[in-house]
Amino acid sequence: MTDPSTEVASERQAPLRVLVYSDDVDTRTQVTTALGRRIHPDLPPVEYVECATFPVVLQQMDAGGIALAILDGEATPAGGMGVARQLKDEIFQCPPLLVLTAREQDAWLATWSRADGVSSHPIDPLKLANAVLGLIAPAATTAPA
């Protein structure tokens, strides 16, 4: 059972802004549905920033306030791995990046992109949530209120 005071306090925290990039609306929907509105009871609610094109990703990342970016490695014309590498090169203190690969066996490709995490298609809600928590939970739980 969750402590009501913790629940009320977390509701007052700014939402975690999670950018989801894919040219495929179905992939974006699968990601947002798999993670839901609250990834973990100890974390604030999630606000999704959905992006279908690379220029919009750059605009949103440059604006700041993104806690995590989930990038579809199968997106076209700019794939998530190339996008991740460019973001790591160009953004000072880049937030964590998670790349979605075509298959689990392609996870090694994400090392080239310098992504902080990886998950694969088809989207498995439990695996995706665990990968996301591994990237944002330490930062979110130690940030000053």
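This note goes through a predicted model of one chain, point by point.

1. Basis of the note. The structure is a predicted model, in which local features need pLDDT of at least 70 and side-chain atom pairs count only at pLDDT 80 or more, while totals for chains, interfaces and linings use all residues. Residues are numbered from 1 along each chain as its sequence is written, and side-chain values use heavy atoms, with hydrogens and water left out.

2. Overall make-up. The chain has 6 helices and 5 strands, where helices (H or I, at least four residues) and strands (E, at least two) are DSSP runs numbered from the N terminus. Read from the N terminus, the order of the elements is α-β-α-β-α-β-α-β-α-β-α. Of the 145 residues in the chain, 42% are buried; here buried means under 20% relative accessible area, exposed means over 50%, and partly exposed lies in between (1.4 Å probe, protein chains only). Among the contacts in the chain with a separation of 6 or more, 68% join residues 24 or more positions apart, a contact being heavy atoms within 4.5 Å.

3. Helix 3 against helix 4. Two packed helices are described by the angle between their axes and the distance between the axes. For helix 3 (residues 54-63) and helix 4 (residues 80-90), the angle is about 30° and the axes are 12 Å apart; the axes are lines fitted to C-alpha atoms, for helices over the stretch in contact, and angles run from 0 to 180 degrees between N-to-C directions. Helix 3 and helix 4 are therefore roughly parallel to each other, since angles under 35 degrees count as roughly parallel, over 145 as roughly antiparallel, 65 to 115 as roughly perpendicular and the rest as oblique. On the helix 3 side the contact is made by Phe54, Val57, Leu58 and Met61, and on the helix 4 side by Val83, Gln86 and Leu87. Sorted by class, this contact of helix 3 with helix 4 has 6 nonpolar residues, 1 polar residue and no charged residues (Ala, Val, Leu, Ile, Met, Phe, Trp, Tyr, Cys and Pro count as nonpolar, Asp, Glu, Lys and Arg as charged, and the others, Gly among them, as polar).

4. The two sides of helix 3. Which residues of helix 3 are buried? They are Phe54, Val57 and Met61, and they cover an arc of only 50° around the axis, which puts them on the same side of helix 3; the arc is that of the directions from the helix axis to the C-beta atoms. These buried residues of helix 3 pack against strand 1 (16-21), strand 2 (46-51), strand 3 (68-72), helix 4 and strand 4 (97-101). The face turned away from the buried side carries the exposed residues Pro55, Gln59, Asp62 and Ala63, and just after helix 3, Gly64 takes a positive phi of about 85°.

5. The two sides of helix 4. In helix 4 the residues Gly80, Met81, Val83, Ala84 and Leu87 are buried, and they cover an arc of only 160° around the axis, which puts them on the same side of helix 4. Their cover includes strand 1, helix 3, strand 3, strand 4 and helix 5 (109-113), whereas Asp89 and Glu90 are exposed on the other side of helix 4.

6. The loop between strand 3 and helix 4. Glu74 lies in this loop and, at 43% relative accessibility, counts as partly exposed. Although Glu74 and Thr101 are 27 residues apart in sequence, they are 6.9 Å apart in space, C-alpha to C-alpha. Leaving aside neighbours within four places in sequence, Glu74 is in contact with Asp23, Leu100, Thr101, Ala102 and His121. Pro77 is also placed in the loop between strand 3 and helix 4, and a cis peptide bond with omega of about 0° joins Thr76 and Pro77.

7. Two buried serines. Ser22, in the loop between strand 1 and helix 2 (25-35), is buried with a relative accessible area of 0%. Ser120, in strand 5 (residues 117-120), is buried with a relative accessible area of 11%, and Ser120 touches Thr101, Arg103 and Glu104, not counting residues up to four places away in sequence.

8. Backbone points to check by eye. The peptide bond from His121 to Pro122 is cis, with omega near -10°, and Pro122 is found in the loop between strand 5 and helix 6 (125-142). Gln93, in the loop between helix 4 and strand 4, has a phi near 50°, a positive value in a residue other than glycine.
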